[in-house]
Amino acid sequence: MAVLSVSRRTASRRTVARSVRILGVVSASAALALGAAGNALACNITEFSAEAKCDGDKGVITVTDVDPTGVPATITVYLENNGADVKKVGEQVVKGSREGTTIAFAENWKPNAEYRIHVKAAQYVDEDIKPSLVTPATACKKDEEKPPATPPATPTPSASPSKPAEETDTPAPSPSESESTAPAGNAPAPAGDSNLAETGADSNTGIIAGIAAALVVVGGGAVFFGMRRRGANSSDS
């Protein structure tokens, strides 16, 4: 009877120990599952999305966070070229929500440009949004089309050839006062008397000169006789 009792006690202890081990494994598994679920619920890269948009004529890059727990996440935007960072566009912190929280980065992006969006959220996320953001093929502001250059106008030939400078009709110079007005009482000189016409003399010049000489002689005689008579009167007195 004593041996049977000891066997029963040993079996009970083994059963209890096995049950404890099984319970521990189940608890550990549940803890791991809950931890993984907690991490998944806290923040995940799949809860972030990016888009290139237009705000009027200016371009913007928006990032939306739909994390319902609102874990703060730092968003950094880089311009890419052949897989390398060309420049850092900007960095902002976003707190997600079930409805989604959106932040915007001002960037005058070019068509078909590539941007890398990096997300850092505590111990939950530290990676890029995949795939990288590629902008639309059309820019926000269209370049104004310049009108085509106007070819130079072809000169139209004139109806008649222009006259040389020396043949151009010019008004005849107006005659001077001496040429336009002839002395009163003088007839124009004959065509043959070119020398008289050039000096201004005419056919009456000789007559006038003779009269003047006669007057000079008469005057000289009158003066002579007057002086002689005056001398005679002086001697008689």
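**Salt bridges and their partners**

Tutor: We start with aspartate 85, which counts as partly exposed because its relative accessibility is 40%; buried means under 20% relative accessible area, exposed over 50%, partly exposed in between (1.4 Å probe, protein chains only). This is a predicted model: local features need pLDDT of at least 70, side-chain atom pairs count only at pLDDT 80 or more, and totals for chains, interfaces and linings use all residues. Residues are numbered from 1 along each chain as its sequence is written, and side-chain values use heavy atoms, with hydrogens and water left out.

Student: How many salt bridges does the structure hold?

Tutor: The criterion is a side-chain nitrogen of Lys or Arg within 4 Å of a carboxyl oxygen of Asp or Glu. By that rule, the salt bridges in the structure number 7.

Student: How many residues apart are arginine 116 and aspartate 85, which form a salt bridge?

Tutor: Their closest N and O atoms are 2.8 Å apart. Arginine 116 sits in strand 6 and aspartate 85 in strand 4 (residues 84-95); strands are DSSP runs (E, at least two residues), numbered from the N terminus. The pair therefore ties together parts whose separation in sequence is 31 residues.

Student: Which residue forms a salt bridge with lysine 120?

Tutor: Lysine 120 is partly exposed, at 37% relative accessibility. The closest N and O atoms are 3.5 Å apart, and the partner is aspartate 126.

How values were computed. Helix = DSSP H or I, 4+ residues; strand = E, 2+ residues; numbered from the N terminus.
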